[in-house]
Amino acid sequence: MSRKVRIAQLSCGPEYSGVQKEIYDAAEAVDAEVFFPDIALADVERAVDAFGLDVRSADLKLMIARGKALVDGKVDADGVFIGTCFRCAEAAIVRNELRRYIHEHSRLPVVSYSFTERTTAGTLLTRMEALTTIARRRALLAREEQTGITMGVDSGSSTTKAVVMKDNKIVGTGWLPTTEVIKSAEGTVAQALEMAGLTREDIQAVGTTGYGRFLIGKHLGADLIQEELTVNSKGAVYLAGHQRGASTVIDIGGMDNKAISVLDGIPGTFTMGGICAGASGRFLEMTAKRLGVDITELGPLAMKGMGKNVSMNSYCIVFGTQSLVNALAAGSSREDVAAAACHSVAEQVFEQQLQEIDIKEPVIMVGGTSLIEGLVYAMGQLLQTEILVPPYSQYIGAVGSALLASGFIQGE
Amino acid sequence: MMAEYSPEYVGTVTRYVFVESPSMTPGELALRAYEASEGVLIKETCFGLQVTGEPEAVDRLIEEIRAFDPNHIFVKDRGFPPGDPRRCRANLGGARPGYLGHEREFRILRYITHGLEELDRRGEEAEVPEAAPAHEKKPKLDIRRLQELIETEES
Amino acid sequence: MAKVFIYPATSLILSDLVARFGHKPLGAALGIRERIQTAGVDSPPLQITPEEPKRGLKYAAVEVPSGVRGRMAIYGPLIEEAEAAVIVTDADLAFGCMGCARTDELILFSLRQSGIPILELKYPTNEEEGVQFVAAIKKFLAGLPNGGEA
């Protein structure tokens, strides 16, 4: 077993919210240990002065000082977890500024999170896993080319995707809605193999990702079982042909959304969230159903409409659906409603998540929702930039897994 | 992962004893405290001691310890028993937040010591000026005075 | 002997002076000790479980952050129990149990609302202020209804 990954915790409130154990448990589950950078009182006073953010809460001052000790190299860590209470404005300012500061002044991967007393280790697990992967598998993540014959399977909350790659090319793909996790995975694997004209025996290494990664990973005897944050960033920059330098990856998924700030193919800071399904692909699926179109037709439909003509706020999926129904009843066109739905989802992601990372161009959108051009357009409008949607973007997790899995081929 | 918690040291109290004295080191304090301990658990630390035991026994011992050097020994309640892994610096990677709070107050202990000594010296009857109330607000500019100022400016 | 809430509740100096002058200091240690010595669900480091912020709803509404409500679950009962309070108003570097400014504001407000006798003062910054500080606390405590040295 390799040495434990050391994650520095900068936080205010988890012990008093009753969730410190959840943080410990999540770290332990990925063979990491959480620690609190050691500093003295004089360090706190100096650091707060130097940082220049005059907060009142002493524990936030402590966070700043600990963050500074990490950046100054006085304390060693492999990654940083920043956590503060949800709904605390003072803490949110510190959390954001500190995250940005550490990101800009060090190579430490950072994840930030705002918790409530309901936060569980399960919620934190993917984030911790990504943090430890970045720390532990830098060499693996540095891989820029796929070699041999490998397969990647992404068992997502809505759909399951599989990809077969050979000599740095995608030679087979499979796609099915996720019903029974293993059955859906087997179905997509069969599709991808058939398209590639290969058999299971030809595959030299397998990687899995997504919600069902552990289950299907075990079932398929995967060489790599990896959360979607690192896999998707890797897949995104690979497919976009932008493996070096900075970029931003946005993945609006069926259940939650990821926004990842990537440097040289390795995630630096990332957020994963979606308080409500209203800000996810699920809402667009509902919209399509209500408008009587296939999800693949929603994008083109939205491009013909004007989102501004319909007011829609999908902060909550129930309210979002309500405004959708109301707008149709009031005689709004289906095109306008489709555009408004796309705009609303983009806006939620923009407001809730993109504020937590630094947007660096190019912005790459991936995942099934990146095929909904109305959504990509709305996001581009909000970010005032042209968004890159690479080929095979809907297979992003599977491609990233197949790419990384080639590091496990015997003799490699 | 819900796990059961079974507490240790139930029914005990723990107190920190800090010594900030030119004539007594934490080591000497510990030595003298051991002699008087009578079954109370004593743990030596860099700043003094931690004592743990039945509340009455701890109270008695604390009274004796205080008497060693009343104006240089300070005592505080502690929620955790001594050496608890949840608060241990080695396990946390750094000092628990409470330690930094102590550091803040160590800086002014000498003023408290001086205050205690002066009160002893001046005796019960002596008039001691009280601390200015913290709530004293700066007087706002009187409205009539403002009027005067405006009028002088205008004339 | 009176029960005297100390603020900061983690203060060594206040805990010492209140006890030294014959009273019972009510501070963070009491609330933490109670939790550390009670069997239940494991929730390190302080044995404050996710249930505590819910109990804290008695003192702060649901839109108040969980860390404030969890802390208030410790301090609320102590404030209710208190017969007097000594408050240091410039305790800006008290961490952990006192590390949240919003909680601290709510504690001070609750104390002032409760109608108990309160002494508010600042940390001494020199020897003479040290004398005043100790004298003020001694006099305040002696003047409490069930005051006097034990």
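Helices (H or I, at least four residues) and strands (E, at least two) are DSSP runs, numbered from the N terminus. The model is predicted: local features need pLDDT of at least 70, side-chain atom pairs count only at pLDDT 80 or more, and totals for chains, interfaces and linings use all residues. Residues are numbered from 1 along each chain as its sequence is written, while chains are lettered from A and ligands numbered from 1 in the order in which they are written.

Stay on G48(B). G48(B) counts as buried because it has 25 C-beta neighbours inside 10 Å (buried: 20 or more other C-beta atoms within 10 Å; exposed: 12 or fewer; partly exposed: in between; C-beta atoms are placed from the backbone). Show its contacts (C-beta atoms, placed from the backbone, within 7 Å). Leaving aside neighbours within four places in sequence, they are Y16(B), V17(B), F18(B), V19(B), P26(B) and L29(B).

Next, select V80(A). Along with V163(A) and C342(A), V80(A) has the most contacts inside the largest nonpolar core, a set of 200 residues. Helix α14 (residues 334–352) of chain A gives this core its largest share, 10 residues. Such a core joins buried Ala, Val, Leu, Ile, Met, Phe, Trp, Tyr and Cys residues through C-beta atoms within 7 Å. Not counting residues up to four places away in sequence, V80(A) touches I7(A), A8(A), L10(A), L70(A), I102(A), L108(A) and V110(A).

Finish where the chains meet. Nine residues from chain B and 12 residues from chain A make the contact. On the chain B side, helix α4 (residues 97–106) supplies the largest share, four residues.

Note on methods
Contact = placed C-beta atoms within 7 Å.
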